[in-house]
Amino acid sequence: MFDDYEREMHDRLRDLALRGEYRYFARMERRAGAFPQATALGMCPDFRKFYGTGFAHELHPLDLAREAVVWCSNDYLGMGQSRIVKDAMHAAIEAYGAGAGGTRNIAGTTLLHDELEAALAELHGKQAALVFTSGFTANEAALSTLGAMFENCVILSDADNHASMIAGIRHSRAEKKIWRHNDLDHLEDLLKQAGGRRKIIAFESVYSMDGSIAPVEAICDLADRYGAFTYLDEVHAVGMYGAHGGGISERDGVAHRVDIIQGTLAKGFGVVGGYIAGDALAIDAVRSFAPGFIFSTAAPPAVVAGALASVRHLMASNAERAAHQSNVAAVKTRLKRAGLPLLDNPSHIAPVMVGEARRCKQISDALLERRGVYLQPINYPTVPKGTERLRITPTPLHTDEQIDHLVDALAAEFAAQA
């Protein structure tokens, strides 16, 4: 590699590390049946062997493997550990083999894929659904396709929308207007300005960093009033809210008023993948025109089988949701009682605010090394600079003892790093 190219990359990475924003992967060995316990093996990558101490982060890799409790998993309900899900995946591997063999257009589809899409359509009360390899791909493919398809379209995007939605809107080349987060007056002003143009309102139900929840019904009211198409990302709500796990739109009784609902199979459902659900015509339009779907290899049958088992189970069972909400309430109550800077909200997300990237990383490292608590720092560009935080996501599998240990550990390290 030419030295000048290498130097530029090195300098950018060094600056990132010096700001405390360099992203390390923690080597965490999850063990089936033991979650939320895991074995921490240190940090990866360790670029000191390439760059020397001038690039070194202050964390030293753990000398020995140590047990830790995971508090930042997006496997919100622990369905990734479910025997129902694992058995379905094992059976699918034996029946179908490992991979899908290619795109669904070329290699064909399977009955499992069709059944999963039918179940997802039923979950949201829609005519059809379409499965993608990830939630990011689902958002990027759907929004880029719809924005390009509708003539003279303007997309009205909530200011806190996920990067995948922003990417889809950008790639659509439609005009974009950003409305202040959950600010209905600002949204209405933009809808008025758009006049008779095609309009897509793109927003989320649960915003995963602050834990705020959108006023879905009121947004649908505005969409009806001004003739707008609604696109709702329910990634952090599916499986979690509503009588059958259909998300905030199901909980609030307005799913039928949303044109397209996008979700993931990787969080509440505990596997991997993304999807959209809506009227058959809208889903077929995305299926037929979205490069992100047409040219992507299909999800492996085992993944689809696991997701299908999880969706079907959570549509019928409220036990996981009830236990989850109970633990969320317990964690938030104890964090407040301990005087920790919890950003309060009505969702299952518990952000503890730090406000500075290096301190956030130092607290995170100390929690893992000294306390056996795994809680990754959240920093820019995931959140704005100055709002760095530790994002706690309780699950039904955390015990009261583990909750007490988490709060005591946080209180001790916040005091030590003050």
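Does Ile106, at 76% relative accessibility, count as buried or as exposed?

**Figure 1. Ile106 in helix 4 of the predicted model.** At 76% relative accessibility, Ile106 counts as exposed (buried means under 20% relative accessible area, exposed over 50% and partly exposed in between, with a 1.4 Å probe and protein chains only). The residue belongs to helix 4, residues 104-107; helices (H or I, at least four residues) and strands (E, at least two) are DSSP runs numbered from the N terminus. Thr297 lies 191 residues from Ile106 in sequence, yet their C-alpha atoms are 9.3 Å apart. This is a predicted model, in which local features need pLDDT of at least 70 and side-chain atom pairs count only at pLDDT 80 or more, whereas totals for chains, interfaces and linings use all residues. Residues are numbered from 1 along each chain as its sequence is written, and side-chain values use heavy atoms, with hydrogens and water left out.

**Figure 2. The largest nonpolar core and the surroundings of Leu265.** This core has 58 residues, and those with the most contacts inside it are Leu116, Leu120, Ile201, Phe203, Val216 and Leu265 (a nonpolar core is a set of buried Ala, Val, Leu, Ile, Met, Phe, Trp, Tyr and Cys residues joined through side-chain atoms within 4.5 Å). Helix 13 (residues 301-316) supplies the largest share of the core, 9 residues. Beyond its neighbours within four places in sequence, Leu265 has contacts that include Leu116, Leu120, Val131, Tyr275, Ala307 and Val311; contact means heavy atoms within 4.5 Å. Apart from this core lies another, of 24 residues, among them Met165, Ile200, Ile260 and Ile283.

**Figure 3. Met165 in helix 7.** Met165 counts as buried because its relative accessibility is 0%. Leaving aside neighbours within four places in sequence, Met165 touches Asn139, Leu143, Ala202, Phe203, Glu204, Tyr231 and Asp233. Of these, Glu204 is 39 residues away in sequence and 9.5 Å away in space, C-alpha to C-alpha.

**Figure 4. The packing of helix 6 against helix 7.** The axes of helix 6 (residues 135-149) and helix 7 come within 7 Å and cross at roughly 30°; axes are lines fitted to C-alpha atoms, for helices over the stretch in contact, and angles run from 0 to 180 degrees between N-to-C directions. The two helices, helix 6 and helix 7, are therefore roughly parallel to each other (angles under 35 degrees count as roughly parallel, over 145 as roughly antiparallel, 65 to 115 as roughly perpendicular and the rest as oblique). Residues in the contact include Asn139 and Leu143 of helix 6 and Met165 and Ile169 of helix 7.

**Figure 5. The crossing of helix 15 and helix 16.** The axes of helix 15 (residues 357-371) and helix 16 (residues 400-416) come within 10 Å and cross at roughly 130°, and helix 15 and helix 16 are therefore oblique to each other. Among the residues that meet are Arg359, Ile363 and Leu367 in helix 15, and His405, Leu410 and Phe414 in helix 16.

Figure 6. Another cis bond joins Tyr380 and Pro381, with omega about 10°.
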